[in-house]
Amino acid sequence: MVKIAPSILSADFAYICDEIKKVEDSGADLLHIDVMDGHFVPNITLGAPIISCLRKITKLPFDVHLMIEKPERYIDDFIDAGADILTVHAEASLHLHRTINYIKNRGIIPAIALNPSTSLDCLKYVLDDVGMILIMSVNPGFGGQKFISNMLGKIRDLKQMLMARKIDIPIEVDGGVNIQNAKQIVTAGASILVAGSAIYKSKDPGQVVQILKGKNI
């Protein structure tokens, strides 16, 4: 069954405890946490100290997505803060193989994210070392964007690549995921859906999580 990772980028941080509890109680599998530095992407969000505080209020695994330049400088900070999955962008880490293996040796799941225009070719020599691939289906930096439809082909191509290499790791998709397009995304090969606005801008976030997790998507 598909796993759902609500993105707290779209949550109301004035009531963040309640916002997290809503999705945790409804069966969310992960909590997706976007870290932005204002350089790699044109926005600034939260850092390791906030994640450390959030770790105290939920048992959900933390899916921490580093949209930052030179992420290797901060890996230890985010792992120590409570990350269970740590995702770095292929475009942001000069020594990607070293970075991924450092994360793995710290005992958590290393993942690689690809921007919409980034080719799957950059994964060729690191696929054996990662625990998840994140396909960005919008250009990163802001919530509430529309899903880029030709990312469906990219998801399919990645799924075929993994099958050809006999590698069984999840494909996560982030950006513009909603009730209307979730079925297409899962059919293309995704097994983890990140949803922000679709969940937190709805009248009933818990119900949206349930719908996305259900067999009727």
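A polar contact, as I use the term today, is a pair of N or O atoms within 3.5 Å, where within protein one must be able to donate a hydrogen and the other to accept it, and where residues adjacent in sequence count only if both atoms are side-chain atoms. With that in hand, I can start with a polar contact of 3.1 Å that joins the side chains of Glu-19 and Lys-22.

Before going on, please keep in mind that this is a predicted model, in which local features need pLDDT of at least 70 and side-chain atom pairs count only at pLDDT 80 or more, while totals for chains, interfaces and linings use all residues. Residues are numbered from 1 along each chain as its sequence is written, and side-chain values use heavy atoms, with hydrogens and water left out.

Let me stay with Glu-19, which is found in helix α1; helices (H or I, at least four residues) and strands (E, at least two) are DSSP runs, numbered from the N terminus. The side chains of Glu-19 and Lys-22 also meet in a salt bridge, at 3.1 Å from N to O, the term meaning a side-chain nitrogen of Lys or Arg within 4 Å of a carboxyl oxygen of Asp or Glu. Why are these two separated by about one helical turn? Because they are three residues apart in helix α1, which covers residues 16-25. As for burial, I call a residue buried under 20% relative accessible area, exposed over 50%, and partly exposed in between, using a 1.4 Å probe and protein chains only. On that scale Glu-19 is buried at 8%, whereas Lys-22 is partly exposed at 40%. Not counting residues up to four places away in sequence, Glu-19 touches Ala-11, Asp-12 and Tyr-200, where contact means heavy atoms within 4.5 Å.

How many salt bridges does a search of the whole structure find? The search finds eight, and among the linked groups is a network that takes in Asp-76, Asp-80 and Arg-106. A further example is the pair Lys-104 and Asp-129, whose side chains meet at 3.5 Å, N to O. Lys-104 lies in helix α4 (residues 96-105) and Asp-129 in the loop between β5 and β6 (132-136), so this pair ties together parts that are 25 residues apart in sequence. Lys-104 is partly exposed at 33% relative accessibility, while Asp-129 counts as buried at 16%.

Asp-37 lies in the loop between β2 (31-36) and α2 (48-54). What does its side chain reach? The side chain of Asp-37 reaches the backbone nitrogen of His-39 at 2.9 Å, and also the backbone nitrogen of Phe-40, at 2.8 Å. Leaving aside neighbours within four places in sequence, Asp-37 is in contact with Asn-43, Ile-44, Met-67, Ile-68 and Glu-69.

Turning to strand β5 (residues 109-114), we find Ala-113 there, buried with a relative accessible area of 0%. Beyond residues up to four places away in sequence, Ala-113 touches several others, including His-65, Thr-87 and Leu-134.

Next comes helix α8 (residues 205-213), whose buried residues are Pro-205, Gly-206, Val-208, Val-209, Leu-212 and Lys-213. Seen down the axis of α8, these buried residues fall within an arc of 160°, so they line one face of the helix, the arc being that of the directions from the helix axis to the C-beta atoms. They pack against β1 (3-6), α1, α6 (182-188), β8 (192-195) and α7 (197-200).

Finally, the cysteines: taking a disulfide as a pair of cysteine sulfur atoms within 2.5 Å, the count comes to zero. Cys-17 is in no disulfide, and the nearest cysteine sulfur, that of Cys-53, is 9.9 Å away. Cys-17 counts as partly exposed at 46% relative accessibility, and Cys-53 counts as partly exposed at 44%.
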